[in-house]
Each structure stands twice: as C-alpha cells, then as structure tokens.
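Me: I'd like to go through this model with you, one topic after another. Could you keep the terms defined as we go?

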Amino acid sequence: MVKFQKQLEGQLVPEWRNAYVNYKQLKKIIGQIREQIVLEQQAGNATHGAQHRLTFSICTTRSRGGNSLVVNHKGQPHDLLGSEAEESYQTELLGPLPWLENEEIFFSRLDSQLNMVNNFYKTKEREFLLRSKQLEVQLETLVEIRGQLAACKIGDQDDSDKEIDIESGENANATNGMKNGSFRVSRSKVGHAQKMLRTAFVEHYKGLTLLQNYSSLNTLAFAKILKKYDKVTGKDVMDTYLRSVETSYFSSSDKVVSLVEKLEALFTKHFSKNNRREALVSLRPSPQCDSKKKTFCLGIFTGCSSSLFFTLVLVLSTHSQIADYLESSSFRISVYPIFSTFALLLFHTYMYGLNLYLWERKRINYAFIFEFAPGTELRCLEVMLLSTGLTTVFTACVLSHVVLITSRSSDLVKDGQIIPITSFLVFLLFIILPFNICYKSTRYYFLRCVWRTICSSLYKVKFADFFLADQFTSQITVLRNLENISCYYVSRYTGADSSEVCSQNHAIQHFELFVAVLPYWWRLLQCLRRWRDDRKDQSQIANGGKYISSLIAVLIRLTYETNKTKLCLTLYIVSSTIATVYQFYWDVVMDWGLLQRKSVNPWLRDQIILKSRAPYFMSMAADALLRLTWLYSLILHEVCSFESIDRKHLDFIFGMAEIARRGMWNFYRLENEHLNNVGKFRAVKTVPLPFKDIGQEG
C-alpha cells in the first residue's frame with residue numbers, strides 16, 4: 001500500500017505546494033509524541049492511558065472522561081462571510097491531567113495548517129469567481145457580435161475578411177477598432193476571438209478542478225494525520241476534530257462545484273454545439289500514460305543502436321583502408337560536417353530527455369512553463385524513444401557509408417557517397433512531415449517556435465521562444481556546419497571547386513560570420529522586444545548587453561581564425577573574457593537565482609528542490625569551466641601548438657561540452673522558474689481576453 005505522504009506528493013499541485021497541509025511536519029511531531037509517551041510509560045506514569053474528552057464550540061459536544069479539548073472558531077457563519085471576512089480555529093487544551101508539550105505543539109500546528117488552508121482556498125475561490133464573471137461577460141459579447149454578423153449575412157468564406165460596423169452593446173467594447181460607440185469586425189476576427197475565449201474557458205476549468213482537488217486532498221490529509229495521532233496516543237480525537245474540518249469553509253463551500261457545472265453547460269452550448277461528450281473531452285484531456293509498447297520499442301532501439309555503434313567502432317579500428325579514408329580531405333570537407341551535425345543534434349536531444357527525467361522526478365511543471373497544450377507534451381519516455389530511434393538510423397548510415405565507400409566496387413562507392421546527404425535531407429523531411437505520425441503536434445510546435453525566434457521582433461516573446469533561442473546559442477558549431485554543407489553541395493552543383501570556394505571566398509567567409517552570430521542576434525531582439533512590452537523590466541536591457549558582448553566576442557574569434565595578428569589576438573582575449581564573466585554571472589545569479597549570500601541556504605537561494613546543496617556548487621564550478629572552451633582552444637593551438645588536432649574535431653568536442661553545459665543550465669533555469677511560480681501560487685496561465693469589460697481602462 002502506498003504511504004499517504006507519497007500519495008500527497010504525487011497528487012498535489014506543485015505550484016501550490018506551500019499551501020497544502022504539511023503532513024511530513026505533523027507526522028514528525030507525532031513521532032516525538034510517541035517517544036515521549038514511551039519514556040513516561042517506562043517511568044511508570046500511566047497518565048496517557050486514560051481516555052480524553054473533546055469539546056468543540058462549533059460542533060456537537062462529545063465527552064470521553066479525563067482531559068478536554070476545545071476548538072474555538074472565530075468568525076461568522078459561511079453564508080455571512082464577506083470577501084474580507086476572516087475566520088480562524090484555535091484549539092484549547094483543558095485539564096485536569098497535563099498534556100504533553102509535543103501534543104500542545106501538534107494541535108497548535110494543526111490549527112495553523114487548518115487556518116492556512118482555509119484562507120488560501122477563499123483567496124483562490126474569490127479569484128476564480130471574478131474570472132468567471134469576466135468570462136461570462138466576454139461570452140455574452142461574443143454571442144451578441146455573432147448574432148449581428150449573422151443578421152448582416154456575413155458568413156461566407158469569401159467574406160471572412162470583410163469588415164462591418166457593429167454597435168457596441170451594454171456588456172463590452174471591442175479592443176480593436178473602437179470608434180464612436182461602434183467597432184469594426186469581420187468573421188475572421190470573431191473566429192479569432194472565439195478561439196481565445198475557448199482557450200480561456202479551458203484554462204479556467206483546469207483551475208477550478210485543481211481547486212477541487214486541493215480541497216479534497218487536504219481534507220484527506222487532516223483525516224490521515226488525526227487517525228495516526230489517535231493510534232499513537234490511544235485517544236479519540238479524530239471524529240470530533242474532523243467535524244470542525246468538514247464544516248470549515250474550504251471543505252463545505254459549494255461555490256466551485258456550481259462554477260464547474262455552469263462552465264460545463266456554457267462550454268457545451270457555445271463551443272461544442274451542445275455535444276456534452278465532446279465538451280468534456282476538451283475540458284478534461286486524458287493524461288498520458290506510460291505505454292508498454294513504447295517501452296518495448298525503446299528497448300529495441302537502444303539495443304540496435306548500441307550494437308551498431310560497437311560494430312562501427314570495431315570496423316574503424318580493424319580496417320586500415322577506412323582509417324585512411326577518414327583522414328582524407330574529401331571526408332573532412334563533405335561528409336564529416338553532416339555526420340558531426342547529426343551527432344551534436346542527437347546529443348542535444350539526449351540532454352533534453354535527461355532534463356525531462358529530472359523535471360518529472362522533482363515535480364517541476366515544465367508543461368505549464370512551456371505552455372504546452374494539455375496532453376501534447378513529450379515526456380522523457382517519448383524523447384528517449386525518438387532519440388534512440390534516430391541514433392539507430394544515424395549509426396546505420398555511418399556504418400553503411402564507410403563500408404561502401406571503401407569497397408572495391410565503383411557502383412558501391414557511388415552508393416556510399418550519396419548516403420550522407422540523403423540521410424540529411426530525410427531528416428529535414430521528417431521534421432516538416434505533414435502527416436499525423438511521429439508526434440506531429442510537437443514537431444509543428446517546434447517549427448512555430450523556430451519561426452517566432454527568427455522573427456523575434458514581430459511577436460510577443462514567450463518562455464518557450466527565448467528558451468529555444470538559448471539552445472541555438474549552444475549550437476554555433478551546427479550552424480557553421482550547415483553553412484559548410486550548403487556551400488559544398490551548391491558549389492558542386494554549379495561545377496565550381498568546392499574546397500576553394502568555401503575556404504577562400506571572402507563573401508562565403510563573411511556569410512559564415514553572419515550565421516555564427518545569428519542566435520545571439522535573435523536573443524538580443526527578444527530582450528529588446530520584452531523590454532518594449534514591459535518597460536518596467538529593466539533587466540532585459542542588461543540581458544541584451546550580455547548577448548551584445550557574446551556577439552562581439554564570436555565575431556572577433558572567427559576573424560582571428562583567418563587573420564592571426566597580435567591585435568586580433570588581444571581583442572580576442574579581452575572580448576572573450578568580458579563575455580565569459582558576463583555570461584557566468586547571468587547564468588548563476590539571474591537565470592538560476594543562486595549566490596544569495598543571506599539566503600536560508602548560504603550562497604544559494606531560500607528554496608532549492610534538490611536535497612543536497614553540493615550539486616548546486618558543483619554545477620556553478622562546471623558552468624565556469626565549460627564557459628572557458630575558447631581559452632582551451634587558444635592554449636592548444638597557440639601555446640602548445642597541437643597542429644595535429646584538426647580544428648573541426650576540436651570544434652566538435654567543444655560543441656559537445658557546450659551542449660552538456662546547456663543541459664545543466666536547462667535544469668536549473670526551469671527549477672528557478674518553477675519556484676517563482678510556486679512563490680506566486682501560479683498554476684494556471686492567464687489567457688488574454690478578446691474584449692474589454694465596461695469600466696476597465698486601457
């Protein structure tokens with residue numbers, strides 16, 4: 001049987017964790033009571049063998065002889081409570097026999113927990129009641145506008161963008177195009193407003209169900225802890241104290257239940273064409289469950305990819321002809337960029353899968369932070385399944401290529417030559433595949449985020465957008481490889497000498513610089529856009545300065561690779577040092593929220609999710625070391641003169657190190673964001689509404 005403490009941890013809303021009954025703390029106090037009772041029994045004191053009397057000032061009196069306990073309820077009856085009314089419970093322990101000190105502490109903590117749950121529930125209930133009224137007004141406005149559009153016979157597909165003047169009603173005014181008490185609307189605008197309102201209803205329903213779960217789970221927690229107390233002390237307090245819990249506001253209020261029923265009826269009527277079953281499917285998306293089929297396929301792909309990898313290593317180490325081919329210029333220019341790009345991308349997906357595993361284990365609500373549609377987010381199992389499947393295909397392509405390219409048959413050699421570029425094109429086709437297979441919703445969500453990142457200044461920046469752009473800053477090697485691949489095959493198609501064009505043409509070199517700094521430019525635009533949308537957030541200006549320093553450092557480093565003068569070397573060292581210090585400070589202090597000297601956890605932050613502090617300090621040290629890859633590269637080539645190490649191989653190794661650092665950064669970045677949501681008890685996203693209520697300004 002699963003212990004209730006684990007059940008509570010598994011079912012609570014992570015962002016509301018601090019508002020739940022602290023079952024672990026109360027259980028610890030009961031353990032101290034048990035120890036104290038044992039000591040008294042050993043000393044011959046049989047005080048706690050007697051039954052006790054419980055009396056509640058708000059409940060039916062029950063007596064059991066001996067000591068008595070009174071729970072004083074301060075406040076008005078529930079139906080008379082105003083929005084600012086307060087009620088509290090305080091247990092008074094009466095004689096004649098003395099109570100243990102830990103028992104007094106237990107009931108004091110129990111009362112404070114009951115009062116906290118009550119107050120939190122009432123606060124959230126008021127928020128949801130206000131939101132419900134707003135949504136009802138919005139829906140009435142939408143229905144009114146749709147009725148006027150129907151009366152004007154605007155409904156044909158060809159008239160979707162045709163605008164007409166609508167007189168504003170009593171409920172609301174449109175946010176766009178208001179003019180002298182009327183506003184211009186079209187069928188497409190109304191459709192967009194309906195979509196926004198539908199999403200708002202779904203999110204609001206989710207919040208209401210979370211609050212219902214909060215009430216029932218806390219009621220169960222009180223029952224469980226009181227049952228444990230009765231078992232340890234031999235007293236009979238559970239039934240009487242639970243009557244106080246069951247009549248408290250959070251347990252007895254039926255307003256949320258009424259709101260849920262009303263919302264279901266409205267959603268069924270206006271968004272599901274009176275199809276209640278369809279409405280409930282939209283409002284209550286079924287949670288994903290681990291599939292045995294997926295687990296089986298994961299095992300198959302893991303075994304296949306491992307076998308192919310070891311076979312590839314064995315072939316490379318035993319055939320001298322293959323070793324000679326790997327050192328040839330044709331492999332280094334045309335094949336290595338493709339396969340190294342695949343390897344870096346696959347390693348990044350594995351790191352993301354590891355991130356998902358840790359986030360799931362630590363109850364970090366990544367789906368809410370990224371704003372994934374309910375039931376569409378990929379979990380650790382799906383990401384690892386995808387990663388191992390692609391790894392199997394990748395290793396099979398590499399093994400087939402090296403075996404065919406070194407064969408004695410010219411036909412097989414030609415077949416081997418087309419494997420790298422063919423596999424690359426198939427991978428691109430897989431991402432944009434329009435069929436509803438291989439997680440289409442996730443692939444298209446990724447593509448939308450890529451588009452929003454590229455057009456950073458045109459869209460409001462969401463968390464997923466700048467998170468993805470940060471991933472791109474760790475894939476500079478991949479972007480440079482893509483530029484080299486494009487240059488090589490385009491020059492071959494035009495009949496030019498690809499090695500000469502791609503390495504010596506100044507225009508190509510300038511384009512490579514442009515490609516390398518693109519991620520930093522996108523992040524800079526995102527920072528400026530976020531600052532424009534919220535002028536109070538001045539930190540975005542400082543964050544933009546970080547990406548400017550990184551952009552300058554990358555430009556100077558790439559310039560130094562082609563123009564190795566003392567001036568370029570000096571600028572390279574100075575700019576890279578400034579950028580590294582700036583980036584490290586921002587990683588640790590701003591993104592991770594660490595290095596707070598006066599926090600509860602010295603030099604970390606007040607709240608941490610990991611049980612031990614050591615991983616945080618180790619991660620800060622690792623982040624600093626992995627930020628210095630530019631220095632290691634400089635030392636190897638300029639100080640130690642390791643010319644035998646090809647720069648492409650070195651870039652690949654340092655690219656792997658940067659992806660590993662990014663994976664570590666991902667975990668702590670979402671941990672910090674999750675704790676910020678916990679601090680604000682933010683478990684449901686606030687969807688913007690299409691209309692403004694009358695009386696609201698701006």
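Me: Is Phe463 buried or exposed?
Reply: Phe463 counts as buried because its relative accessibility is 10%, where buried means under 20% relative accessible area, exposed over 50%, and partly exposed in between, with a 1.4 Å probe and protein chains only. Bear in mind that this is a predicted model, in which local features need pLDDT of at least 70 and side-chain atom pairs count only at pLDDT 80 or more, while totals for chains, interfaces and linings use all residues. Residues are numbered from 1 along each chain as its sequence is written, and side-chain values use heavy atoms, with hydrogens and water left out.

Me: Which helix is Phe463 in, and what does Phe463 touch?
Reply: Phe463 lies in helix H16, residues 463-473, helices being DSSP runs of H or I with at least four residues, numbered from the N terminus. Leaving out residues up to four places away in sequence, Phe463 touches Ile369, Phe370, Arg669, Leu670 and Glu673, contact meaning heavy atoms within 4.5 Å. The C-alpha atoms of Phe463 and Ile369 are separated by 7.1 Å, although these residues are 94 residues apart along the chain.

Me: New topic: how many residues has the largest nonpolar core?
Reply: The largest nonpolar core has 68 residues, and those with the most contacts inside it are Trp16, Phe106, Leu110 and Tyr214; such a core is a set of buried Ala, Val, Leu, Ile, Met, Phe, Trp, Tyr and Cys residues joined through side-chain atoms within 4.5 Å. Among the elements that give two or more residues to this core are helix H1 (4-11), helix H3 (101-151) and helix H4 (187-233), and the largest share, 19 residues, comes from H4.

Me: What does Trp16 touch?
Reply: Not counting residues up to four places away in sequence, the contacts of Trp16 include Phe120, Leu210, Leu211, Tyr214 and Phe681. A second, separate core of 40 residues includes Leu298, Trp359, Phe463 and Tyr616.

Me: And what span does H4 reach?
Reply: H4 has 47 residues and reaches 69 Å from its first C-alpha to its last, close to the expected 69 Å, which is 1.5 Å times one less than its number of residues. H4 is followed by Gly234, whose phi is positive, near 80 degrees.

Me: Last one, why does His270 count as buried?
Reply: His270, placed in helix H7, counts as buried because its relative accessibility is 18%. Apart from neighbours within four places in sequence, His270 is in contact with Leu139, Val143, Arg146 and Gln194.
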